[in-house]
Amino acid sequence: MATLKEQIAQWNSATLWRADAPTGTGASPVAPVAASAAPSVAAPAISAVTSVAQHDLAASKAASVARESIDRDGYFEMKTMLHQKLLQRIDLTAVETMSGDRLQSRLRELAHQLIEEEQLPVNQQEHDQIIDDLQHEILGLGPLEPLLADPTISEIMVNGSKNVFVERRGQIVRTDVRFNDDAHLMKIIDKIVSRVGRRIDEASPMADARLPDGSRVNAIIPPLALDGPTLCIRRFAVVPLQMADLMAKGALTRDMANLLAGMVKAKANIIVSGGTGSGKTTLLNILSSYIPENERIVTIEDTAELQLQQDHVVRLETRPPNIEEKGGISMRALVKNSLRMRPDRIVVGEVRGGEVIDMLQAMNTGHKGSLTTIHANTPQDALGRIENLVSLSGMNLPIKALRQQVVAAINIIVQVNRLSDGTRKIIKINEITGMEGDIITTQDIFIFEVEGTSADGKVIGKFKPTGVRPAFADQLQKAGIVLDQNMFDPDRASASGPN
Ligand SMILES: Nc1ncnc2c1ncn2[C@@H]1O[C@H](COP(=O)(O)OP(=O)(O)OP(=O)(O)O)[C@@H](O)[C@H]1O
Ligand SMILES: [Mg+2]
């Protein structure tokens, strides 16, 4: 592992940087796609010094004369020059011994000194902005830092150096954030990936990683990504969402929450099914929180995202193969291994390969109450996908036998969806009840029924119990879980708003 000193030297040695959209003016760096084309008051003040001068003629007349020649490019050149000089001036040996706070303030001091020495024609706001940007570049992830600091952003998507999108409150919007060029973006990607001991280069152009705050990162670069280095960062709330948050957001009703919590406590095997970014991992994390403290939990993930609060948790993470395609440890190997670790519960981040058969077997053999997610759009699709994954794993089970395994293993499929208005909801709690002939039979316990869309695009609908009492209810009772007997009454529909 490189020392901090080496890392800073390495991170900052190659390409110089510039960010087309300095931020931190107090306004958000994010502008909706439609608004970004038009001149916007929210646009960062120093992204075009001339426009600042136009808007604020009286106040900055003198300064604007001095700065007339500094256009957008000039501004970036100025910062690039400062960055270089700053790096020359940092005493990398002293950096080693400094605390994070001390290092930050030392950088600020040095940057301030440099701006003074160079007599740069900047106003106070620009001065502060340059210092922030320099600090982000040297200690953090450059232009991504303001986005990472914004708690309302749930996803950051970088498609090459000039196209940065974010998801905020369920909606995808384009930002003004830019990287200098692809090399600059590559440097940031490299910084992220090397922090977790992984590598990305032309020979191995894909990597998963995570940020220190737990956010999940995927990077894919040319030649696989045709339009430049591409980065996706799935932000995780520093304080993960809880069931109460989901209810407050109208993702499910209290009755549904109580049922799911009870199911977890009573050791139902549960699969959370949903599309990309629909909230599967979030719900898995929340469901896992209902596993009692006295049980031993093993979690298995491709990229560790779960944040379990219990004490007795063993966390496992797969390892991608190295450049010679060696040394990889698959999800399947970890699931198999976990069975020898005396787990009470196995929580698998997502089944997407041969591990599904091991997971089914585990669920059937003494590891009741195991939880996982699967990528599918309906509970029926989830079942189909499980069958596909099993057959892809090379397991040659007759279909009926396989389905019997599935029926014996899985109690509930919880379907999550990201709706057209960006909200995420549990749209079905579906129970697997048995088989009729070769066919698996299921029944919905709760559904979300869409009634329409409001003028402003909001989805209107209701959560409804279907009136069916789950077959699992007896097991709930045996486990001492008391649920409101009326909760399955179909007249108890609740609107989709916060409850
Ligand atoms: N009910 C919800 N309401 C609002 N935001 C949510 C909800 N559930 C999840 N989120 C947010 O949505 C984003 C995606 O959630 P999550 O990572 O759980 O999805 P996922 O289905 O596991 O995605 P992937 O398919 O990429 O693994 C996260 O930022 C999460 O905080
Ligand atoms: Mg996920």
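Reply: One term to start: a residue is buried if 20 or more other C-beta atoms lie within 10 Å of its own, exposed if 12 or fewer, and partly exposed in between, with C-beta atoms placed from the backbone. This is a predicted model, where local features need pLDDT of at least 70, side-chain atom pairs count only at pLDDT 80 or more, and totals for chains, interfaces and linings use all residues. Residues are numbered from 1 along each chain as its sequence is written, while chains are lettered from A and ligands numbered from 1 in the order in which they are written.
Me: Ok. Is Arg 342 buried or exposed?
Reply: Exposed, because Arg 342 has 10 other C-beta atoms within 10 Å. Its phi is near 50°, a positive value in a residue other than glycine.
Me: And what about Lys 267, how many C-beta neighbours inside 10 Å?
Reply: Lys 267 has 19, so it counts as partly exposed. Its phi is near 65°, also positive.
Me: New topic. Where is Ile 153 found?
Reply: Ile 153 is in strand 1, residues 153–159. Strands (E, at least two residues) and helices (H or I, at least four) are DSSP runs, numbered from the N terminus. Ile 153 is buried, because 21 other C-beta atoms lie within 10 Å.
Me: Which residues are closest to ligand 1?
Reply: Ser 154, Gly 279, Lys 280, Thr 281 and Thr 282, out of 17 that surround ligand 1. Near means a C-beta atom, placed from the backbone, within 6 Å.
Me: What gives the most to that shell?
Reply: Helix 13 (residues 280–288), with 3 residues.
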